[in-house]
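Me: Please take a close look at a single part of this model. I would like one connected account of it.

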Amino acid sequence: DEMDWLPKISHALAHDDFVLYAQPIEPTRQDSSSKCSYELLIRMIHGEDIIAPGKFLPAAERYDQMVDIDRWVILKTIGMLEKHREFIDKVDHISINLSGQSLASKKFCKFLIYEIGLTNLSNKICFEITETAAINDLLTATKRITSLRELGVRFSLDDFGSGLSSFAYLRTLDVDYLKIDGLFVKNIEHDLIDRAMVRSISEIGSLMGKKIIAEYVENDQILTLLDEMGVDYVQ
């Protein structure tokens, strides 16, 4: 099934048959100075259908096509932002997912530095990397993050809490945001253990100077609990 996606992915890359969706990341407590951020999420256009990433990204990861997809996302994002400068002033940042393959690629890192260097958008860009991708090659991840942060871009550690040694590695990774794995968030109304996990991540992350983002926030009850825990942003 994954192999069947390979020609579709190649075709989509060649014919610009991807599209980006934006999901808001909002401050838990808003005032007149608050700005919303957005995470960009890729979809594939296939005929009349819009294909969710869970269908084709596993194949892209298995068969080393993630770097090409990430390159498409970067170029498309920069192009869109440069065309809509009025939008840039209204947002805090735009989050872009980087795969482990791209993070490990020295050539891709040079591409990023070059493309971002051509713009003055670096302070509006945040790269999201998964905890698993970072920990798999901690030394390389640290070097890449350091190089890109020198440009002014930010980093968010996605799916935090899903790894076995999350807090141990957090001291090493110089990231701006921790995004708590949504599996812990979505049931905190009813699950005391999940609630304790979220509270723990929020407290320790905040002590380390990180801003905390919780995803899968889909009702006011969850929002209220997260606000009480000191979580900074909800998605």
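Me: Which residues of helix H12 are buried, and what covers them?

Reply: A caution before the details: this is a predicted model. Helix H12 spans residues 220-229. Its buried residues are Ile 222, Leu 225, Leu 226 and Met 229. Viewed down the helix axis, these buried residues fall within an arc of 100°, so they line one face of H12. Buried here means under 20% relative accessible area. The other side of H12 carries Asp 220 and Glu 228, both exposed.

Next, the cover. The elements over the buried residues of H12 include two helices, H10 (182-185) and H11 (192-207). Strands E8 (211-214) and E9 (233-234) are also among them.

Now the ends. At the start of H12, Asn 219 places a side-chain oxygen within 3.0 Å of the backbone nitrogen of Gln 221. Just after H12 comes Gly 230, with a positive phi of about 90°.

For a second example of burial, turn to strand E4 (residues 91-97). Five of its seven residues are buried, so E4 is largely enclosed by the rest of the structure. Strand E2 (residues 36-46) pairs with E4 in the parallel sense, over three bridges. There, Tyr 38 stands opposite Ile 94 of E4. Strand E5 (residues 125-130) also pairs with E4 in the parallel sense, over four bridges. In that pairing, Asn 97 has Glu 128 of E5 as its bridge partner.

Notes: Residues are numbered from 1 along each chain as its sequence is written. This is a predicted model: local features need pLDDT of at least 70, side-chain atom pairs count only at pLDDT 80 or more; totals for chains, interfaces and linings use all residues. Side-chain values use heavy atoms; hydrogens and water are left out. Buried means under 20% relative accessible area, exposed over 50%, partly exposed in between (1.4 Å probe, protein chains only). Two strands pair if DSSP finds at least two bridges between them. The arc is that of the directions from the helix axis to the C-beta atoms. Contact means heavy atoms within 4.5 Å. A polar contact is a pair of N or O atoms within 3.5 Å; within protein, one must be able to donate a hydrogen and the other to accept it, and residues adjacent in sequence count only if both atoms are side-chain atoms.
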